[in-house]
Amino acid sequence: MTSPASAEQVAQYLRDNPGFFEANAELLASITVPHPHGGRAVSLVERQVDLLRDKNKALEMRLAELLRIGQENDAIAGKLQHWTRELLRTRDVQALPERVVAGMLDDFSVPHVALRLWGVDAAHASLPAAAEVEPEVRTLADSVRQPYCGPNADFRAATWLPGGGTQTRSIALLAMRVGAAPGAFGLLVLGSPDPARFQTGMGTAFLERIAEIASAALSRLLAD
């Protein structure tokens, strides 16, 4: 006596014979399955329509999310362009540190911003951004090859922020360097009271562009 086929064997048979229901179209109307949202039974065709409808809704939601992300990226790109243009228009090199910080505050709405530079020309040594920086912070900046984003883990550089950084919950550290130089000549610190503003694992593409542009502008203050 032949044993009944298992569910997997039936499923495999249907996969191997895609024309089965075409040759047995009457089965589509006669086979019923439980409705996923109620006790009533529906035809196999109706169930397939429900599945396709659910899949379509999921695709629509995904498309809406992609459109939202695209709009946000366009907005950020516009802010980046405006900030870059302001830096290029700045003829007084001593005004550059202030312009860099103002752009973060105004264009990108970053609540807490601080900037420190070292190795600047003696003519610019009196700038607030050229204030003395601890060796450990310089070492940290040298190690930041890509922007660091995450919680404010009592970084010494966070004390440069308003209120000594006591209200800063998340932070981004952007090292200033000339091209691919191993050593940094400055550190741009972005902070927020919102723990989710700068998260570990977040995308840093725009922060990398900000670091590159700021570095190029501020390198004009360095000693030869």
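Biologist: In this predicted model, are α5 and α7 roughly parallel or roughly antiparallel to each other?

Modeller: Helix α5 covers residues 96-106, and it packs against helix α7, residues 205-218, at an angle of about 160°, with the two axes 10 Å apart. Angles over 145 degrees count as roughly antiparallel. The relation of α5 to α7 is therefore roughly antiparallel.

Biologist: Which class of residues makes up the contact of α5 with α7?

Modeller: On the α5 side, Leu 96, Pro 97, Val 100 and Met 104 take part, and they meet Ile 210, Ala 214, Ala 217 and Leu 218 of α7. Sorted by class, this contact has no charged and no polar residues, while eight are nonpolar.

Biologist: Why is one side of β3 and of β4 left without a neighbour in the sheet?

Modeller: The sheet is open and has four strands, which follow the order β3-β6-β5-β4 with antiparallel pairing. Strands β3 (112-117) and β4 (148-151) each have a single partner strand, so one side of each lacks a neighbour, because both stand at the edges.

Biologist: How many bridges join β3 and β6?

Modeller: Strand β6 spans residues 186-192 and pairs with β3 in the antiparallel sense. One of the pairs joins Arg 116 to its bridge partner in β6, Leu 187. Counted over the pairing of β3 with β6, the bridges number six.

Biologist: Which helix lies across β3 and β6?

Modeller: The helix in question runs at about 160° to β3, and its crossing with α7 is right-handed. The helix lying across these two strands is α5.

Note on methods:
Residues are numbered from 1 along each chain as its sequence is written. This is a predicted model: local features need pLDDT of at least 70, side-chain atom pairs count only at pLDDT 80 or more; totals for chains, interfaces and linings use all residues. Side-chain values use heavy atoms; hydrogens and water are left out. Two strands pair if DSSP finds at least two bridges between them. Contact means heavy atoms within 4.5 Å. Axes are lines fitted to C-alpha atoms, for helices over the stretch in contact, and angles run from 0 to 180 degrees between N-to-C directions. Angles under 35 degrees count as roughly parallel, over 145 as roughly antiparallel, 65 to 115 as roughly perpendicular and the rest as oblique. A crossing is left-handed if the near helix is turned anticlockwise from the far one by less than a right angle, and right-handed if clockwise. Ala, Val, Leu, Ile, Met, Phe, Trp, Tyr, Cys and Pro count as nonpolar, Asp, Glu, Lys and Arg as charged, and the others, Gly among them, as polar.
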